[in-house]
Amino acid sequence: MKLTALIERDLRLAYRRRGELATPVIFFVIVTALFPLALNPEPTLLRSLAPGVIWVAALLAVLIGQDSLFKTDYEDGSLELMLLSPLSLEWIVLLRVFTHWLATGLPLVMLSSLMALLLDYPMHAVGVLVMSLLLGTPVLSFLGAVGAALTVGLRRGGMLLPILVLPLTVPVLIFGAAAAGRAAVGEPAAAPLYFLGAMLVLALTLAPFAITAGLRISLES
Amino acid sequence: MFVWFHKLASPPFFYKFADKLAPWLGWLSLLVILAGLYGGLWLAPPDYQQGDGFRIIYVHVPSAWMSMFAYMVMAIAAAIGLIWRLKLAHAVSAAAAPLGASFTFLALVTGSLWGKPMWGTYWVWDARLTSELILLFLYLGYIALNHAFEDRRTGDRASAILALVGIFNIPIIHYSVTWWNTLHQGPTVFFGPRAEMPASMYIPLFIMIIGFMLYFTAFILKRLQVEVLQRERNTTWVRELVEKS
Amino acid sequence: MSSWHEFVTMGGYAAYVWPAYGIALVVLLVNALAPGRQQRRLLKEIRRRANPKERSE
């Protein structure tokens, strides 16, 4: 199977499951909306909280979405077939996580501008907010995928995945929220964005190995 | 010498070795810790700034150090277990985790008790305490994953991957938390020994760290005996061991 | 440390120093004693499982 054929297949399957894949995005919107309800919806308060709230909501939404990454393939046996494919499993996994992000993470990134509006986040800084999420959510996807690979064989692995992965996502959260926070008050946000970029490169190159190792271990039982 | 090391990888040999060594190390660690406590709680003079309150350092710093050391042991053992497929190495990881988590918990609690009189609050979001908190979550995640599988071998191998991903991330996490801390002009809380600490203050600290290391070795050996028994319960050597006792 | 009194009151910081050491003692004791208890329990269970099997054979 050629790599492009793989991407096509994954996207087509994702489209068929689009209801299921919409859950993270809906979750993101709801969680973001919960904060003003839980706190004082006073604009200045919301504005100061907005970068953090949007980022935490995005983080949780992406992690929740990762549970379905390998589950269906594991259950119908196509995951084992992937192991037998002539293509290296690392590449298959890389593309799988990428297409999954296209289906679940990218809509989230685009919706964040709308969430910014809800939380009185300054419009002049939305570009940085979106950029931070654009760089950060794929990293979160890859980290979540490591957790998904390790827990795919467990019946109740769903709740365990976030617990395993959340501590690892702290750097992404810190730099992402810092970038959005700085831009909101007019400070330069280049440094945290560069860090996010560096983490994205690390994730792209190293995560597939951890993910495939996890999948092999999960499948051999 | 090398042959002996090789034999150590065999579970029955290791079990008997641990059985003999652990008590000695255990009692030795008690002696060393008592010596360190005598030096730290009695002999060392009070600090010119923190008075006698600084003495928490003699449990806080050794705990924090051990929390990181235990994770290193856990990760290195995980790598050895994966690369050379050694069951015993995975058992070492599994044995190190609860000890490491305990030390992390202790570092956090003693840090909190130190912080309250010195900086006014029970919790301070300084870089090191926050990193310790995240380390605790990493330990708990490892333990949870290890116990989630019915097949112990799969559980060992899966949590080994998690331990390795964790060890890779720890420097990144620590750097990002430090960066975050300076960003928000967090309190530069000082939990470590200062450069100009007189010998009467830092020697007991050094002794306490050695005591904790001995303690860790002794009781990881004991825990390893339990881990080995659980993994090897159906083998002949275990059955013979049980019949003899 | 100049006196027994100073030792007990820790120069006013007793409320923080002694609980810290107390919790440390508890944590270290638990980690020292728990593996031994688990080991004895395990050995007993393995012995129990082995014996009825032999008797039935």
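Predicted model: local features only at pLDDT ≥ 70, side-chain atom pairs only at ≥ 80, totals over all residues.
Residues are numbered from 1 along each chain as its sequence is written, and chains are lettered from A in the order in which they are written. Local features are reported at a pLDDT of at least 70 and side-chain atom pairs at pLDDT 80 or more, whereas totals for chains, interfaces and linings use all residues.

**View 1. The contact between chains B and C.** The contact comprises 34 residues of chain B and 27 residues of chain C, where two residues are in contact if their C-beta atoms, placed from the backbone, lie within 7 Å. Helix 1 (4–9) and helix 2 (14–56) of chain C each supply at least two residues of the side of chain C that touches chain B; helices are DSSP runs of H or I with at least four residues, numbered from the N terminus. With 20 residues, helix 2 of chain C gives the most to that side. The side of chain C that touches chain B has 19 nonpolar, six polar and two charged residues. In this classification Ala, Val, Leu, Ile, Met, Phe, Trp, Tyr, Cys and Pro count as nonpolar, Asp, Glu, Lys and Arg as charged, and the others, Gly among them, as polar. Of the two pairs of chains in contact, chains B and C share the most contacts.

**View 2. The contact between chains A and B.** Here 20 residues of chain A are in contact with 21 residues of chain B. Helix 7 (126–151), helix 8 (157–165), helix 9 (170–184) and helix 10 (190–219) of chain A are the elements that give two or more residues to the side of chain A that touches chain B. That side has 17 nonpolar, three polar and no charged residues. Chain A and chain C do not touch, and their nearest C-alpha atoms are 24 Å apart.

**View 3. A:Val126 in helix 7 of chain A.** A:Val126 has 19 other C-beta atoms within 10 Å and is therefore partly exposed; a residue is buried with 20 or more such atoms, exposed with 12 or fewer, and partly exposed in between, C-beta atoms being placed from the backbone. Leaving aside residues up to four places away in sequence, A:Val126 touches A:Ser113, A:Ala116 and A:Tyr121. The C-alpha atom of A:Val126 is separated by 43 Å from that of A:Ser85, 41 residues apart along the chain.

**View 4. Helix 3 and helix 4 of chain B, packed together.** Helix 3 (residues 57–84) and helix 4 (residues 87–119) of chain B pack at an angle of about 160°, with their axes 7 Å apart. Axes are lines fitted to C-alpha atoms over the stretch in contact, and angles run from 0 to 180 degrees between N-to-C directions. Helix 3 of chain B is thus roughly antiparallel to helix 4 of chain B, a term for angles over 145 degrees. The residues of this contact divide into 19 nonpolar, ten polar and no charged.

View 5. Most residues other than glycine have a negative phi. B:Arg85 is exposed, because 11 other C-beta atoms lie within 10 Å. C:Met10 counts as buried, with 22 C-beta neighbours inside 10 Å.

Key. Parallel < 35°, antiparallel > 145°, perpendicular 65-115°, else oblique.
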